[in-house]
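Here is my note on the model, as numbered points. Please read it with the structure open.

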Amino acid sequence: MIYLDHNATTPLNGQVLEAMLPYLQTFYGNPSSLYRAGRVVRSALETAREQVATLVGVQPTQVVFTSGGTEANNLAFKGIAPVRKIAISAIEHPSILETALSLKQNDVFVDTVPVDSEGLFNTQAIENLAKDGVEMVSLMLANNETGVIQNIAKISKSLRKQGVIVHTDAVQALAKIPIDFNQLGVHLMSLSSHKIYGPKGCGALIFEQGLELHSLITGGGQEHELRAGTENVAAIIGFGCAAELAAKSLASGQKKILNLRKILESELITIPGLQIFSEQQQRLPNTVQFGLPDIDGEMLLMQLDQKGIAVSSGSACSSGAGAASHVLIAMGVEQALAKSAIRISLGQENTEEEITTFVQTLKSLVSIP
Ligand code: PLP
């Protein structure tokens, strides 16, 4: 298989697996137990917390481990002291969109920040949020479909001054671009392990010291009373290891991946009518999403699958649903073109040969000689 869908998930890194195995086999103590077998696991858990904290430039006490990016997004919104008005952008991941919708049912007003045709947040709409009484916003750092990177540091600087709480979903940006929580200036930030070659079912919410946050899951006082339940030890240790590896290889790894993307894009643009979405914008080094007139994206995805190539027709969560990408629709892309969209997200193990094979296969499927 040629795997070109790393924004959906990444393969587990071999070193990460090695780091996890002892905590599935030998060290099975409960990290909350006071005897030695528990303390050994507690210590490993705290090392993982440090590794994740280091990757984003915070103190370990600012990290709460969750079951993934989805739970971190839920905790950000629902764990904050009750607010009456929130805002999200139109291109957020379903774990933000649906969470906002569920709050709406509890009489919370929800504003939506539109994007322009390039997928950038409308700055005027953001400037008006505080005046409109919005108390908390969630604006993603990088989009999972187009890869567009937003200027969150600038946005949060102005919103923070006006007393608005800022959350950013940094799930897709993590380990693809450098992230410094303090430089971003946000109050809350969501992360996920399986997008950075760590295990699935693990993530974290990063929060500003002193911010009032409440647990959504009640029980024992784990995770500094912010998430009850015995920790998913092996997964957290895997996430920590993946974070440490990412910190070491981020610059060189992403340079290689960007190079591959440039080769890919130079080939793609030779296909008549092909349009790369947000082409001129600053995007994640690994991501390119394109549309092809008169092509059904889901059908093309299946045909590529038959040839052993895995791509996405949008975000993994909406694949198979048959609906056009809400991100592209928010950007004003016409329905038919949005429905033709294919997203390629490259990863560490991809090679130039794989790119060549993909482009040749794509061209043969869309009948380009
Ligand atoms: N946020 C974004 C931007 C994502 O792309 C994803 C996953 O695709 C998530 C959140 C959810 O993360 P998880 O799969 O860890 O729940």
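**Notes on the predicted model**

1. The side chains of Asn286 and Asn7 make a polar contact at 2.9 Å. This is a predicted model, so every distance here is computed from its coordinates. Asn286 sits in the loop between β9 (275–276) and β10 (287–291). Its relative accessible area is 2%, so Asn286 is buried.

2. The loop between β9 and β10 also holds Ser278. Ser278 has a positive phi of about 55°, although it is not a glycine. Is Ser278 buried or exposed? Ser278 counts as buried because its relative accessibility is 3%.

3. Glu225 also has a positive phi, about 65°, and is not a glycine. Glu225 belongs to helix α9 (residues 222–225). Its relative accessibility is 61%, so Glu225 counts as exposed. The cut-off for exposed is over 50%. Check the backbone at Glu225 and at Ser278 by eye.

4. Now the overall fold. The chain has 14 helices and 12 strands. Its radius of gyration is 21 Å, close to the 21 Å from the globule rule for 369 residues, so the chain is as compact as a globular protein of that length. The C-alpha trace spans about 70 × 55 × 35 Å along its principal axes. Of the 369 residues, 55% count as buried.

5. Next, the ligand. Which residues are closest to the ligand? They are Gly69, Thr70, Asp169, Ser192 and Lys195, out of 14 residues that surround it. By class, this shell has 10 polar, 2 charged and 2 nonpolar residues.

6. Several side chains place polar atoms by ligand oxygen atoms. For Thr70, a polar side-chain atom lies 2.6 Å from an oxygen atom of the ligand. For Ser192, an N or O atom of the side chain is 2.7 Å from a ligand oxygen. For His93, the corresponding distance is 3.4 Å. Taken alone, the ligand exposes 390 Å², and the protein buries 88% of that.

7. Which helix gives the most residues to the shell around the ligand? Helix α4 (residues 69–78) does, with 3 residues. Helix α4 is mostly covered, as 8 of its 10 residues are buried. Among these buried residues are Gly69, Glu71, Asn73, Asn74 and Phe77. Gly69 is also one of the residues closest to the ligand.

8. Aromatic pairs come next. The structure holds 2 of them. In one, the ring centres of Tyr23 and Phe27 are 5.3 Å apart and the planes meet at 40°, so the pair is tilted. Tyr23 counts as buried because its relative accessibility is 19%. The cut-off for buried is under 20%. Phe27 has 35% relative accessibility, so Phe27 counts as partly exposed.

9. The other pair is Phe65 with Phe239. Their ring centres are 6.2 Å apart with planes at 70°, so the pair is edge-to-face. What parts of the chain does this pair link? Phe65 lies in strand β2 (residues 63–66) and Phe239 in helix α10 (residues 233–268), distant parts of the chain 174 residues apart. Phe65 counts as buried because its relative accessibility is 1%. Phe239 counts as buried too, because its value is 0%.

10. Strand β2 also holds Val63. Val63 has 0% relative accessibility, so Val63 counts as buried. How far apart in space are Val63 and His224? Their C-alpha atoms are 9.5 Å apart, although 161 residues separate Val63 and His224 in sequence.

11. Helix α10 also holds Arg261. Arg261 counts as buried because its relative accessibility is 8%. Where does its side chain go? The side chain of Arg261 reaches the backbone oxygen of Leu284 at 2.7 Å.

Conventions:
Residues numbered from 1 in each chain as written. Predicted model: local features only at pLDDT ≥ 70, side-chain atom pairs only at ≥ 80, totals over all residues. Heavy atoms only, no water. Phe/Tyr/Trp six-rings, centres within 6.5 Å; stacked < 30°, edge-to-face > 60°. Buried < 20%, exposed > 50% of the residue type's maximum accessible area, 1.4 Å probe, protein only. Helix = DSSP H or I, 4+ residues; strand = E, 2+ residues; numbered from the N terminus. Near = heavy atom within 4 Å. Polar contact = N/O pair within 3.5 Å; in protein donor to acceptor, adjacent residues only side chain to side chain. Areas by Shrake-Rupley, 256 points an atom, 1.4 Å probe, with all protein chains shown as cover. Nonpolar A, V, L, I, M, F, W, Y, C, P; charged D, E, K, R; others polar. Rg over C-alpha atoms; globule rule 2.2 N^0.38 Å.
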